[in-house]
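Here is a short report on one protein chain.

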Amino acid sequence: MKFQYAVPIIAILHIFFVGCHSYCIGTCYSGRLFPETQDIFHGKHLKGYSYNNITTNDPVKCYHHCVQDCRCKACQMKDARCELLDEDKTFKADNFTAESGYVYFDLKQTLYQGKSDIVQPGVCYNGCCRSQPCRNGGTCVEHCISPKKKFSCTCTLNYHGIVCDKTHVFTSCLDVLRYHTPKGSHPKNGKYYMHLPGLRNRLVFCAFESKNRAWTLVESYSISKIDIYRAMVFHQFIARNHNNPNWNDHRQGTHFINYIRSKSTMFRVTCDFPRRSSLVPDYLFGYLRDYDIIDHGDANPVSQNA
């Protein structure tokens with residue numbers, strides 16, 4: 001790869017710094033307009049962490065895009081493509097590999113605090129959340145400790161990733177529980193998207209009782225719908241609002257129920273589940289090995305263990 005600039009210009013660029021201290025509000029970042037020689041790596045690239053590609057053959061412009069983006073930790077170029085990276089070679093050394101034609105630029109910045117009455121002492125503010133980088137309902141939190149971590153996102157139930165742009169692929173409520181347990185957290189009862197055989201993006205309500213027990217809602221109805229549900233049995237294909245779990249009128253179809261049955265060991269029936277603090281009284285619990293509600297079809301429990 002050949003850069004289209006003269007060496008004397010590089011020497012001039014190296015003496016200027018990004019940012020103007022006079023206009024800094026909160027936490028700001030300073031650094032060179034172009035990295036020094038020791039931070040440029042020819043024939044190397046960081047694989048798997050490019051989140052934005054920009055068309056340019058000017059490495060100075062490529063680096064400038066990285067400086068202006070709170071998510072960017074490094075950038076790299078090949079031909080006329082500039083790739084912004086949300087990781088760097090230090091923290092992802094195993095992915096920093098040789099690749100002909102690439103040039104890698106490590107972002108180097110330092111922090112400084114501006115003088116302003118707008119931001120109180122001890123309060124972190126760097127402006128990175130103003131652009132609302134967190135997607136799918138995620139909450140942005142700014143960080144003022146390291147130039148390589150300027151913000152983070154707290155994602156909603158079904159999403160993850162640096163900016164909550166990735167969807168969790170769960171195949172059961174137990175998958176949800178197993179995902180959270182190693183992280184030291186406990187998932188919240190609520191709706192999750194499931195990718196089931198033949199049923200992609202099925203919205204399912206999950207309830208979590210302990211570190212190793214998760215329940216899947218297969219049916220729920222109000223007293224006003226009792227006559228409708230009394231006439232329905234599980235081995236018949238009768239679904240109601242199957243992709244909209246709710247307490248008043250909801251029933252999954254036979255295909256879904258059979259799939260959950262294949263992964264389940266227990267079933268339970270409760271009354272007024274969302275508003276009760278205890279599962280007793282009005283509680284029926286059983287093992288599917290002793291009584292198979294799918295084949296018998298004469299019992300209508302509202303949830304199964306999965």
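A disulfide here is a pair of cysteine sulfur atoms within 2.5 Å. The model is predicted: local features need pLDDT of at least 70, side-chain atom pairs count only at pLDDT 80 or more, and totals for chains, interfaces and linings use all residues. Residues are numbered from 1 along each chain as its sequence is written, and side-chain values use heavy atoms, with hydrogens and water left out.

## Disulfides

How many disulfides does a search of the whole structure find? The count is eight.

Cys173 is joined to Cys206, with an S to S distance of 2.0 Å. The torsion about the S-S bond is -75°, and the link of Cys173 and Cys206 is left-handed. This pair links distant parts of the chain: Cys173 sits in helix H3 (residues 173-180) and Cys206 in strand E13 (residues 199-210), 33 residues apart. Helices (H or I, at least four residues) and strands (E, at least two) are DSSP runs, numbered from the N terminus. Cys173 is buried at 1% relative accessibility. Cys206 is buried too, at 0%. Buried means under 20% relative accessible area, exposed means over 50%, and partly exposed is in between (1.4 Å probe, protein chains only).

## Two further pairs

Cys129 bonds to Cys140, S to S 1.9 Å. The S-S torsion of Cys129 and Cys140 is about -80°, so this disulfide is left-handed. Cys129 lies in the loop between strand E7 (110-113) and strand E8 (139-146), while Cys140 lies in E8 itself, so the pair ties together parts that are eleven residues apart in sequence. Cys140 is partly exposed, with a relative accessible area of 22%.

Cys155 and Cys164 form another disulfide, with sulfur atoms 2.1 Å apart. The link of Cys155 and Cys164 is left-handed, with -90° about the S-S bond. Are its two ends buried or exposed, starting with Cys164? Cys164 is buried, at 0% relative accessible area. Cys155 counts as partly exposed, at 25%.

## Strand E8 and its partner

E8 also takes part in strand pairing. Five bridges join E8 to strand E9 (residues 149-154), and the two run antiparallel. Two strands pair if DSSP finds at least two bridges between them. In this pairing, Glu142 has Phe151 of E9 as its bridge partner. E8 and E9 form a hairpin, with two residues between them.

## The five-stranded sheet

Five strands form an open sheet in the order E2-E6-E4-E5-E3, with antiparallel pairing. Strand E2 (40-46) and strand E3 (50-55) stand at the edges, each with a single partner strand, so one side of each is left without a neighbour in the sheet. On average, neighbouring strands of this sheet are turned by 40° against each other, direction ignored. Axes are lines fitted to C-alpha atoms, for helices over the stretch in contact, and angles run from 0 to 180 degrees between N-to-C directions.

Within the sheet, five bridges join strand E4 (residues 74-78) to strand E5 (residues 81-85), and these two run antiparallel. Gln76 stands opposite Glu83 in E5.

## Helix H2

Helix H2 (residues 59-68) lies across E3, E4, E5 and strand E6 (96-106), and runs at about 150° to E4. Which residues of H2 are buried? They are Pro59, Cys62, Tyr63, Cys66 and Val67. These residues cover an arc of only 140° around the axis, which puts them on the same side of H2. The arc is that of the directions from the helix axis to the C-beta atoms. An α-helix has 3.6 residues a turn, so residues three or four places apart point the same way.

The cover over the buried residues of H2 includes E4, E5, E6 and E9. Contact means heavy atoms within 4.5 Å. The face turned away from the buried side of H2 carries the exposed residues Lys61 and Gln68. At the N-terminal end, Asp58 caps H2: a side-chain oxygen of Asp58 lies 2.9 Å from the backbone nitrogen of Val60.

## A residue in H5

Ile260 is found in helix H5 (residues 254-262). Ile260 is buried, with a relative accessible area of 2%. The C-alpha atoms of Ile260 and Leu217 are separated by 9.9 Å, and the two residues are 43 residues apart along the chain.

Methods
A polar contact is a pair of N or O atoms within 3.5 Å; within protein, one must be able to donate a hydrogen and the other to accept it, and residues adjacent in sequence count only if both atoms are side-chain atoms.
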